[in-house]
Amino acid sequence: MAEKNYDKQLNIETGPERNIKPFLNYYPYEPTPYPVLEQLAKNIELKPSDHVVDYGCGKGRLLFYLNAVFGVNARGIEMDDHLYFLAEKNRLHYLQHRPKSKYQIQFFCMHAEKYIVQPTDNKFYFFNPFSVPIFIKVFNNIMESLEQFDREVDLIFYYPSIEYLSFLENRTIFQLTKEIKIEGEFEHNPNERILIYSYR
């Protein structure tokens, strides 16, 4: 199914965006492909009580999709004010068809490392949104929250960078619990995969 058809079903517009100004240590907007989201949904278990945080959420595609499929609570962190505006616009359009999700989806316009991790946040998504130094700050925020409110947490990485993985493997207590190889893509590009690191 074409990307536009997925968007149409959700009543949103999340395609690529041009002329987004670059930021040091923050990478350009690129939405997770819908076929990847489908494979993610087939290989994970999410509950309505779960709270998903997408760092560098762009226009909110991942969050709308997971809310539609699983009914999860969703928080998007986006530093670019234009993308944030488009995410909020998508939220209004999405809620026209799913008004019951009104209090489940939130967007915040801020730098990722400034977001205060909430006690209910337990699923964190990353599609290479920023450099490793920023990721380490974000990770430390997650750890501080865990120290205050111990709970099970999953870090979900699509197309994970070697630098992220090296940090996780060598400097954290999180363990790799699942690898999802993207069908039709992984065979040609070993980076086409989703890795889930967990704290239990």
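Ile194 lies in strand β7, which spans residues 193-199; helices (H or I, at least four residues) and strands (E, at least two) are DSSP runs, numbered from the N terminus. This is a predicted model, in which local features need pLDDT of at least 70 and side-chain atom pairs count only at pLDDT 80 or more, while totals for chains, interfaces and linings use all residues. Residues are numbered from 1 along each chain as its sequence is written, and side-chain values use heavy atoms, with hydrogens and water left out.

Ile194 counts as buried because its relative accessibility is 0%; buried means under 20% relative accessible area, exposed over 50%, and partly exposed in between (1.4 Å probe, protein chains only). Leaving aside residues up to four places away in sequence, Ile194 touches Val36, Leu40, Ile156, Phe157, Tyr158, Lys178, Glu179, Ile180 and Ile182, where contact means heavy atoms within 4.5 Å. Glu179 is 15 residues from Ile194 along the chain, and the C-alpha atoms of the two are separated by 5.7 Å.

On a 1 Å grid over the protein atoms alone, a cavity is a set of points where a 1.4 Å probe fits but cannot get out, and a pocket is an open set with protein on both sides within 12 Å along at least five of seven lines; lining residues have an atom within 4 Å of a point. Grid points are joined across faces, edges and corners, and a volume is the space filled by probe spheres set on the points.

| Space | Volume | Lining residues include |
|---|---|---|
| Largest pocket | about 530 Å³ | Tyr27, Pro28, Tyr29, Glu30 and Gly56 |
| Second largest pocket | about 280 Å³ | Ile44, Glu45, Lys123, Asp154 and Arg200 |
| Largest cavity | about 30 Å³ | Leu40, Ile44, Leu46 and Val52 |

The largest pocket is lined by 36 residues. Two or more of its lining residues come from each of β1 (51-55), α3 (61-70) and β2 (73-78). The lining divides into 23 nonpolar, five polar and eight charged residues; Ala, Val, Leu, Ile, Met, Phe, Trp, Tyr, Cys and Pro count as nonpolar, Asp, Glu, Lys and Arg as charged, and the others, Gly among them, as polar.

The second largest pocket is lined by 16 residues. Strands β5 (153-158), β6 (175-181) and β7 each give two or more residues to this lining, which divides into four nonpolar, four polar and eight charged.

The structure holds one cavity of 30 Å³ or more. The lining of the largest cavity also includes Leu66, Lys123 and Ile156, and it divides into six nonpolar residues, no polar and one charged.
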